[in-house]
Protein chains: 2
Amino acid sequence: MDEFELDERKTKILDAIIRNYLETGEPVGSRTISKYTDLNLSSATIRNEMADLEEQGYILQPHTSAGRIPSDKGYRFYVDHLMEEKNREVSEMKSFVIEHTEKMDQVLQQVAKILAANTNYATMVTAPTYHKNKVKFIQLSNMNEEQILATVVTEGNLVKNKIIPVNGEIDNETMLKLNFLLNANLNGLALQDINLGTIAKLKEQAGIHSAIISDVLDTVAETIGQEDDIRIYTSGATNFFKYPELSDSEKASELISTFEEKQQLASLVTENLLDEENTGIQVYIGNESPIQTMRDCSVVTATYELGEGVRGTIGIVGPKRMDYEKVMDNLKTLKNSLDGILDKKKEET
Amino acid sequence: MDEFELDERKTKILDAIIRNYLETGEPVGSRTISKYTDLNLSSATIRNEMADLEEQGYILQPHTSAGRIPSDKGYRFYVDHLMEEKNREVSEMKSFVIEHTEKMDQVLQQVAKILAANTNYATMVTAPTYHKNKVKFIQLSNMNEEQILATVVTEGNLVKNKIIPVNGEIDNETMLKLNFLLNANLNGLALQDINLGTIAKLKEQAGIHSAIISDVLDTVAETIGQEDDIRIYTSGATNFFKYPELSDSEKASELISTFEEKQQLASLVTENLLDEENTGIQVYIGNESPIQTMRDCSVVTATYELGEGVRGTIGIVGPKRMDYEKVMDNLKTLKNSLDGILDKKKEET
DNA sequence: TGTTAGCACTCCACAACAACGAGTGCTAAC
DNA sequence: GTTAGCACTCGTTGTTGTGGAGTGCTAACA
């Protein structure tokens, strides 16, 4: 439907208006378009067409006697139909950083930073989480007379530890038994599989050490219970200042706060992560975004998949007049660099 | 010396100027002081005294025919000699949060948040680190045929894990040997104690498994090697907007970036943490701060000590005209709430 | 000798005003 | 259907002037 609402000439004009506005951030007038395009039309003709486009809701006037700027609908049309999807080659720098940085959290922080430096927008990267997470391995070890160490590893290779206080050392044999008991009963289970029955059975078999079981189960719950503390790395929050339409201190302040309190950002992410089919790029224009403070922004996110089922999100937040082509290109590149990185690293060794 | 440079009357006037400026943020004139103080002096007299104070460098004039504002030297004098140290009772709320939040990282984030909400300045809290850190315990475990899990615990009870890929499962006996080998050679050692000799000896004894030793040593280095990734929690970075002298977008942008790239903040912290004697509160006024972007700010930090040797820092960054009394009061309260919390929690269990 | 009243002067903040120019809608001619 | 022309709108920018807060200095006073 939408596609046939605009004839070719209107489409070209709309395209020109948006591209021009993306560059300058200033309302664009009919004379500019008349010269900018290869349509060879006078400004008067363009004016007529622009009046139509405004009526149809693709562009709007900030005030009489100003040029036109794209509306949300206009941007949406641009993203869906006008924008070219370039496929430039992968930037050397990016891959380099990713392949040469050791720790995952540094990689992700770097990704956010590169993206922000490259695009001049605010960026966020969420640490990968493994959904439908299962216990892979549990290990209890005697640290000393008073403490034992519990380590839980999930199939996504997330690891958590807990130090559990005990009264008096537990002998090695008991320890082996406990380890066996835990692994035999819990391995391969997801959070929802561990029910009261399982717990009761475990405690019973643990006998006098059932208190330890409780602590271990706490750690298990923390480790495989997702969502509650997705790590989010951000960069370039101050880029909002670069765009006059976002830089008045109230708006900028709200936006930057949202970036500082990273929790809120998680809402941009969760739905994408759960949708198993989604491997592409999402664009939220203005009010399409779930976060209220971002109503004057556009948000573009990509989901990466480190390894089987281990997923995270890379995102960009900027003004509606963001350079969508560049942004999506960047996101794709980084997504590709991250995708399957676990497997790659494995091959190296 | 400094103390005797100012007679009682000048001191009172300086005090009045600063207090007034802290409240209003506007340059303060002679008439205001004449009424504000109980000195019963005319504005003309005050003017003469103010001229003297300016000559001595305690106050300055933004421009002719404006009132006076405190200089860095003035603030320093205020903090060192004029300020009253109140000791209000511990706010209920704060202790409540600390005692009822489970995970340490949430506690620290909460502390930052409370402090920011309470003071209207930007705040930071660093996670505790244990200095002169020593290896307490190392544990290798077989996860499956391809991977073993290395866990390193320090005396400060920091725990780190690493998954190490191997070719073919290692039998239990070998594993026990390796564990024994590692613990026998490394327990009780600090980073600087682990030299090439130790490493060579270890590798030799490990025989064909010496590759694993390298990986374990990497993990050890990461765990007890301090500084490199102190976790820093921040809150209220956008509070800078509340103070006109900091809120023009260039300054605010720099400051907020500094807060986003938390690494830089670490420099505020390291020296305090290493100084064993330091248990008090540090105040950096303007250029006294090691961070260049904060030359127009004051920084106040407090060092807390969770348990024997496990220390972190709470800090506040705001305009020079910050409410030093309130800030220091708040920091003390929080510091007290955090101090020795490990022992407290231990008693509970 | 220290304090104070008086006064001329400085300089910022703010409002009012004018000039400009980019852009529009409309009309009439091509 | 397209275009030139024109009157009109409205935000931006620069200028000007006024008011006020505050100063430094001088001279008188206790």
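This is a predicted model: local features need pLDDT of at least 70, side-chain atom pairs count only at pLDDT 80 or more; totals for chains, interfaces and linings use all residues.
1. The side chain of A:Glu49 meets that of A:Lys10 in a salt bridge, 3.0 Å from N to O. The two are 39 residues apart, with A:Lys10 sitting in helix 2 (residues 8-24) of chain A and A:Glu49 in helix 4 (residues 43-55) of chain A, so the pair links distant parts of the chain. A:Lys10 is buried too, because its relative accessible area of 11% falls under the 20% cut-off.

2. A:Arg9 and A:Asp52 join A:Lys10 and A:Glu49 in a network of salt bridges. As a reminder of the background, side chains of opposite charge can pair when their charged atoms come close. Over all chains, a search of the whole structure turns up 30 salt bridges.

3. Over in chain B, have a look at B:Lys10. Its salt-bridge partner here is B:Asp52, and the closest N and O atoms are 3.3 Å apart. B:Asp52 belongs to helix 4 (residues 43-55) of chain B and B:Lys10 to helix 2 (residues 8-24) of chain B, so this contact ties together parts that are 42 residues apart in sequence. As for cover, B:Lys10 is buried at 10% relative accessible area, whereas B:Asp52 is partly exposed at 31%.

4. One salt bridge to check at the chain-chain contact: A:Lys113 and B:Glu261 meet through their side chains, 3.3 Å from N to O. The pair crosses from A:Lys113, in helix 7 (residues 104-119) of chain A, to B:Glu261, in the loop between helix 11 (249-260) and helix 12 (270-274) of chain B. Both ends are partly exposed: A:Lys113 has a relative accessible area of 36%, and B:Glu261 comes in at 26%.

5. Now the sheet in chain B. Strand 10 (residues 297-307) of chain B is mostly covered, with ten of its eleven residues buried. Strand 10 pairs with strand 9 (residues 281-285) of chain B in the antiparallel sense, over five bridges; in that pairing, B:Ala302 of strand 10 is the bridge partner of B:Ile281. Strand 10 also runs antiparallel to strand 11 (residues 310-319) of chain B, and ten bridges join the two.

6. Two backbone spots deserve a glance. Most residues other than glycine have a negative phi. B:Asn40, however, has a positive phi near 55°. B:Asn40 lies in the loop between helix 3 (30-36) and helix 4 of chain B, and is exposed at 71% relative accessible area. B:Asn120 also has a positive phi, about 65°, although it is not a glycine. This asparagine, B:Asn120, is in the loop between helix 7 (104-119) and strand 3 (122-126) of chain B and is partly exposed, with a relative accessible area of 30%.

7. Last, the surface of chain A. Which residues form a negative surface patch? They are A:Glu145, A:Glu146, A:Glu169, A:Asp171 and A:Glu173. A:Glu173 is found in helix 8 (residues 172-186) of chain A. A:Glu173 counts as exposed because its relative accessibility, 56%, is over the 50% cut-off.

Key:
Residues are numbered from 1 along each chain as its sequence is written. Chains are lettered from A and ligands numbered from 1 in the order in which they are written. Side-chain values use heavy atoms; hydrogens and water are left out. Patches are made of residues with over 30% relative accessible area and no salt bridge: like charges are joined within 9 Å, nonpolar side chains (Val, Leu, Ile, Met, Phe, Trp, Tyr) within 5 Å. Accessible areas come from the Shrake-Rupley method with a 1.4 Å probe; for residues, only the protein chains shown count as cover. A salt bridge is a side-chain nitrogen of Lys or Arg within 4 Å of a carboxyl oxygen of Asp or Glu. Lys and Arg count as positive and Asp and Glu as negative; His and the chain ends are not counted. The place of a charge is taken as NZ of Lys, CZ of Arg, CG of Asp or CD of Glu. Helices (H or I, at least four residues) and strands (E, at least two) are DSSP runs, numbered from the N terminus. Buried means under 20% relative accessible area, exposed over 50%, partly exposed in between (1.4 Å probe, protein chains only). Two strands pair if DSSP finds at least two bridges between them.
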